[in-house]
Amino acid sequence: MQIIDKLLPLIPRNQIWQTPIDGLVIQHADRPTPVANTILEPRICIVLQGKRKICIGDQCTLFSN
């Protein structure tokens with residue numbers, strides 16, 4: 001069984017979930033999300049399935065599994 005198969009039943013769908021571990025947040029999205037102009041604290045992005053594109057100004061990075 002892959003890690004994604006173990007995690008999906010635990011994570012609220014299409015929500016951001018604050019885990020019991022201080023500072024560990026998990027986000028689930030099964031469809032594209034709107035572009036948001038947001039400044040975030042430093043993060044680690046782990047993509048278990050699909051893709052995520054993050055842009056800072058004109059510099060974009062695509063994360064995929």
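User: Is Asp30 buried, partly exposed or exposed?

Analyst: Buried means under 20% relative accessible area, exposed over 50%, and partly exposed in between (1.4 Å probe, protein chains only). Asp30 has 39% relative accessibility, so Asp30 counts as partly exposed. This is a predicted model, where local features need pLDDT of at least 70, side-chain atom pairs count only at pLDDT 80 or more, and totals for chains, interfaces and linings use all residues. Residues are numbered from 1 along each chain as its sequence is written, and side-chain values use heavy atoms, with hydrogens and water left out.

User: Which residues form a salt bridge with Asp30?

Analyst: Side chains of opposite charge can pair when their charged atoms come close. A salt bridge here is a side-chain nitrogen of Lys or Arg within 4 Å of a carboxyl oxygen of Asp or Glu. Asp30 pairs with Arg13, closest N and O atoms 2.6 Å apart, and with Arg31, at 3.5 Å. Salt bridges that share partners join Arg13, Asp30 and Arg31 into one network. Arg13 is exposed at 54% relative accessible area, as is Arg31 at 53%.

User: How many disulfides does a search of the whole structure find?

Analyst: A disulfide is a pair of cysteine sulfur atoms within 2.5 Å. The search finds one, joining Cys55 to Cys60 with an S to S distance of 2.1 Å. The torsion about that S-S bond is about 110°, so the disulfide is right-handed. Cys55 is partly exposed at 42% relative accessibility, and Cys60 is partly exposed at 41% relative accessible area.
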